[in-house]
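This briefing goes through one model, from the whole chain down to single residues. Please keep the sequence and the coordinates open while reading.

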Amino acid sequence: MATRRHQRPLEDGIVRDFRVNLSYGQYLHLDEILSAQHPVSVPEHHDELLFILQHQTSELWLKLIRHELRAVQRQLAVDELRPALKGLARVKHIQRCLTEQWSVLATLTPSEYAEFRSFLGTSSGFQSYQYRAVEFLLGNKDRRMLSIFDDDPAAQKMLTEALAAPSVYDEFLRFLARHGHPVPADLLDRDVTAAHEFHAGLVPVFRNIYEHAQDHWEAYEACEELVDLEDNFQLWRFRHLKTVERTIGVKRGTGGSSGVSFLRAALDLTFFPELYAVRTEIGVPDQ
């Protein structure tokens, strides 16, 4: 009867000398990443590391979302819809990771968080410039946000560029117009530094795409990808709200916001309002 080994053999071909070869840790700069956690509580509280890592990993995922959405903007601008759809699909998977992460932070009880919350000072997730940049990329633009980053030129530059560029939705509407869909002209020439607002004239355009999906399959698929993306964004916002609520109740946020009520108001924000409004119209006989 064969016995089970407690160790697998270390194959001769496995690289061992990293004086001249690139190692995993060197490639990923793990020395920098793993030494980037600096708890501020005194004495250091056990659970502060969880709090720091939760937010650091979220920022890394947000960086990837920005990377993908900027590529989607470029692809839509040159009529490369299929790669753009691939990018949106990747963003949706990243969003699921971000949403699931709240379940880890939710293991932080109110009493545990209270032991180090005061050491956070006025730092707050509200000040995440990458999150603001993602919202700008999707069309929820607000020039007032720039003033929050007056002390950070790099963050201001990032947000100013995102503010000035057409959003993913702007580029999608321009794509539709170039492919024969009667997108209202004022949407194509609008001030892209302003947030997109609901336009009733766009609803019939989407209704035609949905009701004749076989004739406009790629546009139809893109519409649903954008709706998926917004649904995921709303799920992330809701999980954020509920995690904050179970951890600090209705206390004010460390950054000065009203906390849960402020987060709840964000649930009413929408990136693609016409893609939701069209659902009421689909299948309804014309008057």
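**Briefing**

I33 has a relative accessible area of 42%, so I33 counts as partly exposed. Its place is in helix 2, which covers residues 30-33. I33 also belongs to a nonpolar patch on the surface, together with L22, Y24, Y27, L28 and L34. The model is a predicted one.

**Whole chain**

- The chain contains 13 helices and zero strands.
- Read along the sequence, the pattern is therefore α-α-α-α-α-α-α-α-α-α-α-α-α, by the DSSP runs used here.
- Taken along the principal axes, the box filled by the C-alpha atoms is roughly 70 × 55 × 45 Å.
- The chain has 287 residues, and 41% of them count as buried.
- Of the contacts between residues at least 6 apart in sequence, 71% join residues at least 24 apart.
- There are 32 positive and 41 negative charges in the chain, and their mean positions lie 4 Å apart.

**Nonpolar surface patch**

- The six side chains concerned are those of L22, Y24, Y27, L28, I33 and L34, and together these residues have about 720 Å² of accessible area.
- Helix 1 (residues 24-28) gives the most to this patch, with three residues.

**F51 in helix 3**

- F51 is found in helix 3, which spans residues 48-77.
- With a relative accessibility of 16%, F51 counts as buried, because the cut-off is under 20%.
- Beyond neighbours within four places in sequence, the contacts of F51 are with L105, L108, Y113, F116 and L120.
- L98 lies 47 residues from F51 along the chain, and the C-alpha atoms of the two are separated by 14 Å.

**K92 in helix 4**

- K92 lies in helix 4, residues 81-105.
- Its relative accessibility is 9%, so K92 is counted as buried.
- When residues up to four places away in sequence are not counted, K92 touches E225, D228, L229 and N232.

**K141 in a loop**

- K141 is found in the loop between helix 6 (129-138) and helix 7 (153-164).
- At 6% relative accessibility, K141 is also classed as buried.
- Leaving aside neighbours within four places in sequence, K141 is in contact with F136, A162, L163, A165, P166, S167, V192, T193, A194 and A195.
- K141 and H196 are 55 residues apart in sequence, while their C-alpha atoms are 7.8 Å apart in space.

**Helix 13 and the residue after it**

- Helix 13 covers residues 273-281, and its buried residues are P273, E274, L275 and V278.
- An α-helix has 3.6 residues a turn, so residues three or four places apart point the same way.
- The buried residues of helix 13 pack against helix 8 (168-178), helix 10 (203-211) and helix 11 (217-248).
- Just after helix 13, G283 takes a positive phi of about 85°.

Key. Residues numbered from 1 in each chain as written. Predicted model: local features only at pLDDT ≥ 70, side-chain atom pairs only at ≥ 80, totals over all residues. Heavy atoms only, no water. Buried < 20%, exposed > 50% of the residue type's maximum accessible area, 1.4 Å probe, protein only. Helix = DSSP H or I, 4+ residues; strand = E, 2+ residues; numbered from the N terminus. Contact = heavy atoms within 4.5 Å. Lys, Arg positive; Asp, Glu negative; His and termini not counted. Charge placed at Lys NZ, Arg CZ, Asp CG, Glu CD. Patch = residues over 30% accessible without salt bridge, like charges linked within 9 Å, V, L, I, M, F, W, Y side chains within 5 Å. Areas by Shrake-Rupley, 256 points an atom, 1.4 Å probe, with all protein chains shown as cover. Salt bridge = Lys/Arg side-chain N within 4 Å of Asp/Glu carboxyl O.
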